[in-house]
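Subject: Structure for your review, with notes

Dear colleague,

Please find below the structure I promised to hand over, together with its sequence. My notes on what was found follow directly after it.

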Amino acid sequence: MLIGVPTEIKNHEYRVGLTPASVRELTHHGHSVLVQAGAGTVIGLEDEQYAAAGAEIAADAATIFARADMIVKVKEPQPQECRLLRPGQILFTYLHLAPDPKQTALLAESGATAIAYETVTDARGGLPLLAPMSEVAGRMSVQAGAHCLEKAQGGRGVLLGGVPGVPAAKVVVLGGGVVGTNAARMAMGLEAKVVVIDKSLSRLKELDLQFGAKLQTLYSTVDTIEEHVLDADLVIGAVLLPGAAAPKLVTADMVSRMKRGAVVVDVAIDQGGCFETSHPTTHAEPTYLVDGVVHYCVANMPGGVARTSTFALNNATLPFVLDLADRGHRAALARDPHLRNGLNVHAGAVTCKAVAEAQNLAYTPAEEALGL
């Protein structure tokens, strides 16, 4: 199979779909890889390294989309990239379709087979291709939030961990999954006062056993969220409904009553965000103010630490890329129900139920779309 790796074109996105080591693994399996010139240069992955690993270097993205059997990316294809896709071509990347009807329509029109990293599952019910970026985003959320709390950034002028004689900041984390756990770990490491709110009692019990008295765990209700959000210096939105739009847990009214200069970091913004006042931002202009509250809603947070993120992502995605290349997409999807859960669009049909429900579209089960 010929696998193509275009340069990411989303604002300040420097990650790359395959590392030279991944290219070498694919060529070792007998496949060919086409990498766009300069795709990894910014993060120290030079064209010469890709060539040494067996890749062919292409001058532009159009060449890659025209020739490759499978496109491996990081972020969702931008409209101009969607229009380069063709029937039968495989697209393997993050898609986050639920809040993005335009992308869904363009992918359906392309006739391509679009497999989303974020809805691939594992035997334990986890999301193995979302997890590494969730770990990165969770840890970054605290770094970003601490920076935004500085007065020069519009924040309250509060040091997250305080100092002797001065209280630490209060950090409220909405959601105790991979993002929330990593956010809580970082915030506690900086000696903030940390509260995690989640609706899963079993997950709260796990967090309590893991972190002990340093972490306060609370069951999620409207009343609990309101009480603690209004008292917080930093609120991190870390909720996820796989493939679906994020629930709006914090209303505009709550935001209007938060402390002036408080900060919200909406890690769920890829799925529409969990604050009513959230809208996507970029690394170029990461924040904005609503009622005096700083909002950090960068939709590709891990792109800010692109080298770490690229290697972490490749560790998780490479086995699936190899399976798709070795077997072909139909056989690989038929064999592995967890990979099949990643199929979002196939030959014009929407095959992810959560996406179809979010956009009121017709839903076609993956098995039916593939003729299994």
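The expected span of a helix is taken here as 1.5 Å times one less than its number of residues, and helices themselves are DSSP runs of H or I with at least four residues, while strands are runs of E with at least two, both numbered from the N terminus. Please keep in mind that this is a predicted model, in which local features need pLDDT of at least 70 and side-chain atom pairs count only at pLDDT 80 or more, whereas totals for chains, interfaces and linings use all residues. Residues are numbered from 1 along each chain as its sequence is written, and side-chain values use heavy atoms, with hydrogens and water left out.

Helix α6

With that definition, the 18 residues of α6 should span 26 Å at 1.5 Å a residue, and the end C-alpha atoms of α6 are 25 Å apart, which agrees. Much of what I can report about α6 concerns burial, where buried means under 20% relative accessible area, exposed means over 50%, and partly exposed lies in between (1.4 Å probe, protein chains only). The buried residues of α6 are P132, M133, S134, V136, A137, G138, M140, S141, V142, A144, G145 and C148. These buried residues pack against helices α7 (178–189) and α11, and against strands β10 (234–237), β11 (263–266), β12 (287–290) and β13 (293–296), with contact meaning heavy atoms within 4.5 Å.

The pairing of α6 with α11

Two packed helices are described by the angle between their axes and the distance between the axes. Axes are lines fitted to C-alpha atoms, for helices over the stretch in contact, and angles run from 0 to 180 degrees between N-to-C directions. For α6 (residues 131–148) and α11 (residues 306–327), the axes come within 8 Å and cross at roughly 155°. The two helices are therefore roughly antiparallel to each other, on a scale where angles under 35 degrees count as roughly parallel, over 145 as roughly antiparallel, 65 to 115 as roughly perpendicular and the rest as oblique. On the α6 side the contact is made by P132, M133 and V136, and on the α11 side by S309, A312, L313 and A316. Sorted by class, this contact has six nonpolar residues, one polar residue and no charged residues, where Ala, Val, Leu, Ile, Met, Phe, Trp, Tyr, Cys and Pro count as nonpolar, Asp, Glu, Lys and Arg as charged, and the others, Gly among them, as polar.

Helix α11 also holds N314, which is buried at a relative accessible area of 5%. Apart from neighbours within four places in sequence, N314 is in contact with V16, G17, L18, T19 and S22.

Other buried positions

E13 lies in the loop between β1 (2–5) and α1 (20–28) and is buried, with a relative accessible area of 4%. Its side chain makes polar contacts with the side chain of R15 at 2.8 Å and with the side chain of N300, also at 2.8 Å. A polar contact here is a pair of N or O atoms within 3.5 Å; within protein, one must be able to donate a hydrogen and the other to accept it, and residues adjacent in sequence count only if both atoms are side-chain atoms. Not counting residues up to four places away in sequence, E13 touches E8, K75, N300 and G303.

A114, in strand β6 (residues 113–116), is buried with a relative accessible area of 1%. Beyond its neighbours within four places in sequence, A114 is in contact with L91, L95, L107, G342, L343, N344 and V345.

Q210 belongs to helix α8 (residues 201–211) and counts as partly exposed at 40% relative accessibility; leaving aside neighbours within four places in sequence, Q210 is in contact with T181 and R185. E191, in the loop between α7 and β8 (193–198), is exposed with a relative accessible area of 58%.

Backbone points to check

Most residues other than glycine have a negative phi, and most peptide bonds are trans. D291, which is not a glycine, has a positive phi of about 50°; D291 sits in the loop between β12 and β13 and is partly exposed at 42% relative accessibility. A347 likewise has a positive phi, near 50°, in the loop between β14 (343–346) and β15 (349–350), and is exposed with a relative accessible area of 54%.
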